[in-house]
Amino acid sequence: MLEVITPSDRASSIWQKLQIHYEEKLQGLYIHLSKPKSEQETNILRGQIQEISTLLALGDDRPMVRSEFENT
């Protein structure tokens with residue numbers, strides 16, 4: 001099992017700052033997604049949301065094994 005982000009990584013100030021930044025960005029994307037737009041624009045936003053969600057999931061308490069990481 002490969003831990004991508006260790007408990008000490010999650011406690012670091014840089015991870016905390018990144019997490020706050022991307023959580024705020026994610027909120028903005030959801031707000032933007034709630035407004036009318038084309039199917040292509042919607043799909044782009046959904047892709048951005050998925051990428052940020054995957055990044056934030058690296059900080060979950062449970063270790064993420066390589067196969068989970070590659071399938072997201």
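The model is predicted: local features need pLDDT of at least 70, side-chain atom pairs count only at pLDDT 80 or more, and totals for chains, interfaces and linings use all residues. Residues are numbered from 1 along each chain as its sequence is written, and side-chain values use heavy atoms, without hydrogens or water.

**Overall fold**

The protein has four helices and zero strands. Helices (H or I, at least four residues) and strands (E, at least two) are DSSP runs, numbered from the N terminus. The order along the sequence is α-α-α-α. Contacts are heavy atoms within 4.5 Å. Buried means under 20% relative accessible area, exposed over 50% (1.4 Å probe, protein chains only).

| Property of the protein | Value |
|---|---|
| Buried share of the 72 residues | 21% |
| Share of contacts with a separation of 6 or more that join residues 24 or more positions apart | 57% |

**Helix H2**

Trp-15, Leu-26 and Leu-29 are buried in H2. They lie on the same side of H2, because their arc around the axis is only 60 degrees. That arc is taken from the directions from the helix axis to the C-beta atoms. The buried residues of H2 pack against helix H1 (7-10) and H3. The face turned away from the buried side carries exposed Ser-13, Lys-17, Glu-24, Gln-27 and Ile-31.

**Thr-42**

Thr-42 sits in helix H3 (residues 39-57). Thr-42 counts as buried because its relative accessibility is 14%. Leaving out residues up to four places away in sequence, Thr-42 touches Leu-33 and Lys-37.
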